[in-house]
Amino acid sequence: MMQRAPFGVRLAEATATLGPLCVGIDPHPELLRAWGLPVDPDGLRRFARTCVEAFAGHVALVKPQSAFFEEYGSAGIQVLEETLAAFRVSGTLTLLDVKRGDIGSTMAGYARAYLADGSPLAADAITVSPYLGFGSLAPAIALAGQTGRGVFVLALTSNPEGAQVQHARDDQGSVAGAVVAGAREANAAALSEGHLGHVGLVVGATIGSAATDLGIDLTTVNGPLLAPGFGAQGADAAAIRRLFGAALPAVLPSSSREVLGAGPDLRDLRAAAYGAWPGE
Ligand SMILES: O=c1ccn([C@@H]2O[C@H](COP(=O)(O)O)[C@@H](O)[C@H]2O)c(=O)[nH]1
């Protein structure tokens, strides 16, 4: 197994140099058309290569959205593999947004697919879904820890429908609160070693006061907080500052369509990424 520094350490180094913005690579068919590309595997490949050229070495983290590659079948998966490999070579961190979650024994297979050294689809981190129980994610959390990779667990998602499940409560607290507690526990060892843990959370930039209303303290997670919903879904930098408060240093604002809409010119794409997050 390749010796790699823990994901939290690698992420902190990358964001200290290049800033916290995560650029989402979402090759929507409409974006391919807007870039003058055909909506087929060739157009997908040209779109993805442009993203690699534009962002590799210029942002800390990119988040390819698996759905927009999967829709082309094996040809799209091949482009996804090439894209992950190109970012890997460049040293830019990849967070594959694939939202996997299953019973533990199957989760182990997903973990090997995305988090094992040498896997064609290996990313630096993936998104995972805790709705088969936080404990079902154990194989992914364990393999990510062993290989210097990370997972981002869906806690409070940016879509309005998420509240139906995530805000549900009983006398023990809310569903989202239990997810946050699971991440905090998984990151405890990293906290004692003095670095950020490898179990991040997805907390949508659009959720307003939901975390506070549910009594959730995001400052104690000791893991990265991915904030999608920034940009095209309506949340701005002020909304992110209000929502996260003292937890802001751990936040990765994530924007896809708003940045990609500036393409296909490389300088325009980079300018959109540089300008997206105004800083502290
Ligand atoms: O709560 C979530 C979790 C994931 N996403 C993903 O992020 C991007 C958002 O794209 P934009 O174009 O910036 O709206 C997309 O891939 C989603 O699947 C999210 O939006 N919310």
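**Figure 1. Overall dimensions of the predicted chain.** The radius of gyration is 18 Å. A compact globule of 280 residues would have a value near 19 Å, so the chain agrees with that expectation. Along the principal axes, the C-alpha atoms fill a box of roughly 55 × 40 × 35 Å. Buried residues account for 49% of the 280 residues.

**Figure 2. Secondary structure and contacts of the chain.** The fold contains 14 helices and 10 strands. Contacts were counted between residues at least 6 apart in sequence. Of these, 75% join residues at least 24 apart. Confidence is given per residue and for the complex. The mean pLDDT is 97. A pLDDT of 70 or more is reached by 100% of the residues. For the complex, the predictor gives an ipTM of 0.99 and a pTM of 0.98.

Figure 3. Lys-99 has 16 C-beta neighbours inside 10 Å. Burial would need 20 or more, and exposure 12 or fewer. Lys-99 therefore counts as partly exposed. Leaving aside residues up to four places away in sequence, Lys-99 touches Thr-127, Val-128, Ser-129 and Leu-154. The backbone at Lys-99 also stands out. Its phi is positive, about 45 degrees, although Lys-99 is not a glycine. Most residues other than glycine have a negative phi.

Figure 4. Is Asn-222 buried or exposed? Asn-222 is buried, because 20 other C-beta atoms lie within 10 Å. That count meets the cut-off of 20 or more. Asn-222 is not a glycine, yet its phi is positive, at about 55 degrees.

**Figure 5. Close-up of the peptide bond between Gly-263 and Pro-264.** Which kind of peptide bond joins Gly-263 and Pro-264? The bond is cis, with omega about 10 degrees. Most peptide bonds are trans. Pro-264 sits in the loop between helix H13 and helix H14. Helix H13 runs over 257–260, and helix H14 over 266–276.

Technical notes: Residues numbered from 1 in each chain as written. Predicted model: local features only at pLDDT ≥ 70, side-chain atom pairs only at ≥ 80, totals over all residues. Helix = DSSP H or I, 4+ residues; strand = E, 2+ residues; numbered from the N terminus. Rg over C-alpha atoms; globule rule 2.2 N^0.38 Å. Contact = placed C-beta atoms within 7 Å. pLDDT = per-residue confidence, 0-100.
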